[in-house]
Amino acid sequence: MNWRTIIYVVLLVSLTVATALPRTSRDVEGKTSIGQRFSQLHENNFKAIALILFAQYVPGGTFGRAAGMAERVTALARSCAAAARDSPDCLKPLDRIFFDTICQEKNLPRIADCCAKEDPERNDCFLSLKNFSQGFIPPLERPDAEAACRNYSQHQQPLTAHFTYEVSRKHPFLPAPAILSVALHYEEMMKRCCGGAQGPSQHLEECFRTQAPKVVKPVRENALRQEHTCGILKKFGERTLKALKLTQISQKFPKADFVTVHKLVLDVADMHKDCCRGDTLDCMRDREDILQYVCSNQHILSSKIKQCCEQPLLQRSECIIHMENDDKPADLSPHVREFIEDKGICERFAQEKDKHLARFLYEYSRRHPEFSAQMLLRIGKGYEDLLEECCKPGAPSGCLSRGEEELRKHIYETESVMRTSCDIYNEKGDYYFQNELLMSFTKKMPQLTSAELIKFTKEMTTIGSKCCQLGQDKLLPCAEENLDVVLGEICRRHLADPINPAVCRCCSSSYAFRRPCIGKLEVDESYVPLALTPGLFAFHGDLCTTEEEKLQHRKQEMLITLLKYKPQISPEQLGSVTAAFSAMRERCCGEANPEACFLKEGPELIKKSEKMLSA
């Protein structure tokens with residue numbers, strides 16, 4: 001059976017079987033045994049998922065060792081399904097079997113500490129290895145066309161398996177269905193570009209250049225989205241994740257009643273708990289349960305779901321995530337004043353606080369698809385704080401009525417920030433907008449490397465190009481929700497290697513207020529500026545390159561170094577130094593020997609700049 005067949009069968013068999021399994025059977029301590037899993041999935045399917053799991057938990061290993069462990073676990077599962085189901089090894093929880101198998105391996109990197117622990121601490125330790133792996137495994141790159149096609153013609157099936165392994169270890173939080181879907185896209189690309197029986201495509205390089213992004217981009221986006229959600233769950237807890245999903249589901253399905261939305265919120269939160277814990281099989285089953293429920297209740301949720309539910313199983317989840325919000329009910333009142341004016345508000349708040357706040361968030365979110373989920377959470381927090389204050393004994397009359405004014409103020413401030421950012425983007429364009437962000441974030445977070453600062457601000461610039469062309473009804477959800485993902489990256493970077501106390505406060509105190517908090521940060525006063533050493537500012541012939549992208553990157557690196565050397569630099573000083581640099585570059589790049597010119601003029605520019613900066 002080839003890998004394409006295995007992949008299809010894994011998705012269709014394992015996910016279909018899941019619908020027949022009662023949810024409670026997965027919630028009790030004795031989860032489905034390895035023998036039962038083997039029988040449900042069949043051998044090749046079980047082995048494919050085992051390969052993904054070992055690749056994700058042992059990212060520093062090799063394909064051969066991961067495949068070997070998958071073979072051994074599959075052999076155990078086969079025996080348990082056949083006759084040895086009462087053996088102690090067969091009765092172990094599946095995750096324990098996988099971790100025991102890893103711990104039996106010798107000389108695997110970074111696992112000794114984890115293997116010395118007892119469950120569930122061992123599980124948490126292995127999960128931390130997934131976080132660590134992001135730092136040392138290079139991202140997926142476009143393959144060398146000729147070499148890839150040679151390998152494909154000689155080792156077609158193992159090559160797809162090896163690609164599946166590479167995607168799994170590079171993206172350890174990516175759910176198995178997403179990885180198997182990517183493997184299908186990879187095989188389609190190889191078949192299209194390498195030509196199958198007809199031989200390679202005439203334009204090999206061009207084929208890979210156009211097809212590779214269709215494989216690589218969804219991997220990166222799905223992995224980042226998964227990491228982001230898991231980061232929220234880990235740092236801010238289940239209550240915050242449920243509140244976030246409540247806003248998003250209420251916006252997407254404004255015609256659905258509260259009970260239905262609440263059920264979906266709980267199911268989605270449970271799914272993320274399993275996925276973020278690394279329980280690959282339960283994660284798959286949870287996802288299928290939700291898809292089955294959504295597609296079986298289209299009449300309650302939304303008429304727009306129909307086109308998604310008609311798609312193949314692999315595409316359904318992504319389709320529903322990216323589908324447009326349904327239209328609001330025609331009879332939906334524009335306001336929710338009953339949450340302020342009703343005389344029994346304080347009593348309900350005291351008796352069932354979380355349920356009351358959830359109903360407010362549901363009602364407000366379904367009325368405002370033009371707001372970002374994060375903004376809605378801030379509104380929900382403002383409403384909670386208002387009730388906490390105004391429901392106290394002795395609170396002044398009319399206390400609750402001031403909530404509307406505070407709400408209008410917050411909405412105006414948020415919209416103003418986004419409009420101002422878009423005005424700057426529309427005026428300056430990609431490169432100069434990114435430079436503005438670089439100046440801001442280098443001052444806020446000078447501890448980040450130049451590569452990190454350029455990467456994060458490049459992602460923010462891409463958000464500007466994507467969102468600033470949208471109308472006012474789409475701007476906030478697009479801008480803040482995408483920006484939230486980038487800030488999540490920064491905060492996970494901070495958790496791995498602390499940046500500074502101010503960033504720590506913003507990343508730790510409140511998920512909903514993370515973006516405004518980071519936005520208000522100024523120069524990090526705790527930072528010790530770089531010392532002016534001979535090699536700090538080095539000018540070479542590469543500044544004369546005609547490749548605009550390389551030149552811009554080089555200039556941005558120098559801008560970051562300048563800001564790290566002089567964090568308090570004024571706009572006027574920066575303008576003077578930039579003008580002096582541009583004049584030197586133009587002069588030296590016109591010389592027959594630019595390198596010699598830079599060697600002479602560079603130190604003079606540094607002396608001149610020092611005087612400008614000390615003025």
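Predicted model: local features only at pLDDT ≥ 70, side-chain atom pairs only at ≥ 80, totals over all residues.
# A helical chain, region by region

Visitor: Which feature does UniProt place at residues 410–607?
Guide: The unreviewed UniProt entry gives "domain: Albumin" there, and also at residues 22–216 and 217–409. UniProt positions are in the numbering used here, feature names are shortened, and annotations may be inferred rather than shown by experiment.

Visitor: And which domains does the domain assignment give?
Guide: It gives domain 1 (34–133), domain 2 (328–527) and domain 3 (541–614). Such bounds come from an automatic or database domain assignment. The C-alpha centres of domain 1 and domain 2 lie 41 Å apart.

Visitor: Let's look at helix 24. What span should it have?
Guide: Helix 24 covers residues 450–467, which is 18 residues. At 1.5 Å a residue it should span 26 Å, and its end C-alpha atoms are 26 Å apart, which agrees. The expected span is 1.5 Å times one less than the number of residues.

Visitor: Which of its residues are buried?
Guide: The buried ones are E452, L453, I454, F456, T457, M460, T461, I463, G464 and C467. Buried means under 20% relative accessible area, exposed means over 50%, and partly exposed is in between (1.4 Å probe, protein chains only).

Visitor: Why would residues three or four places apart point the same way?
Guide: An α-helix has 3.6 residues a turn, so residues at that spacing point the same way.

Visitor: What covers the buried residues of helix 24?
Guide: The cover includes helix 23 (403–444), helix 25 (472–496) and helix 28 (548–565).

Visitor: How far is K466 from I606?
Guide: They are 39 Å apart in space, C-alpha to C-alpha, and 140 residues apart in sequence.

Visitor: Switching to rings. How many aromatic pairs are there?
Guide: The structure holds 18. Rings of Phe, Tyr and Trp (its six-membered ring) pair if their centres lie within 6.5 Å; planes under 30 degrees apart count as stacked, over 60 as edge-to-face and the rest as tilted.

Visitor: Why does the F54 and F98 pair count as tilted?
Guide: The ring centres are 5.1 Å apart and the planes are at 55°, so the pair is tilted. F54 is in helix 4 (residues 43–57) and F98 in helix 7 (residues 94–104), 44 residues apart. F54 and F98 are buried.

Visitor: What about F236 and Y511?
Guide: That pair is tilted, at 5.9 Å centre to centre and 55° between the planes. F236 is in helix 13 (residues 204–252), and Y511 is in the loop between helix 26 (501–509) and helix 27 (514–519), so the pair ties together parts 275 residues apart in sequence. F236 is buried at 16% relative accessibility, and Y511 is buried at 3%.

Visitor: Which residues do ring pairs link into a cluster?
Guide: F339, F360, Y364, F371 and Y383.

Visitor: Which charged end sits over the ring of Y293?
Guide: That of K263, 4.6 Å from the ring centre. K444 lies over the face of F441, at 5.8 Å from the ring centre. The rule is NZ of Lys or CZ of Arg within 6 Å of the ring centre and within 35 degrees of the ring normal.

Visitor: Where does UniProt place the "binding site"?
Guide: The unreviewed entry puts it at D279. D279 is in the loop between helix 14 (258–277) and helix 15 (280–296). At 18% relative accessibility, D279 counts as buried.

Visitor: Backbone now. Which residues does the cis peptide bond join?
Guide: D119 and P120, with omega about 10°. P120 is in the loop between helix 8 (112–115) and helix 9 (121–133).

Visitor: And what is the phi of N107?
Guide: It is positive, about 65°, although N107 is not a glycine. N107 is in the loop between helix 7 and helix 8. N107 is exposed, at 75% relative accessible area.

Definitions and conventions. Residues numbered from 1 in each chain as written. Heavy atoms only, no water. Helix = DSSP H or I, 4+ residues; strand = E, 2+ residues; numbered from the N terminus. Contact = heavy atoms within 4.5 Å.
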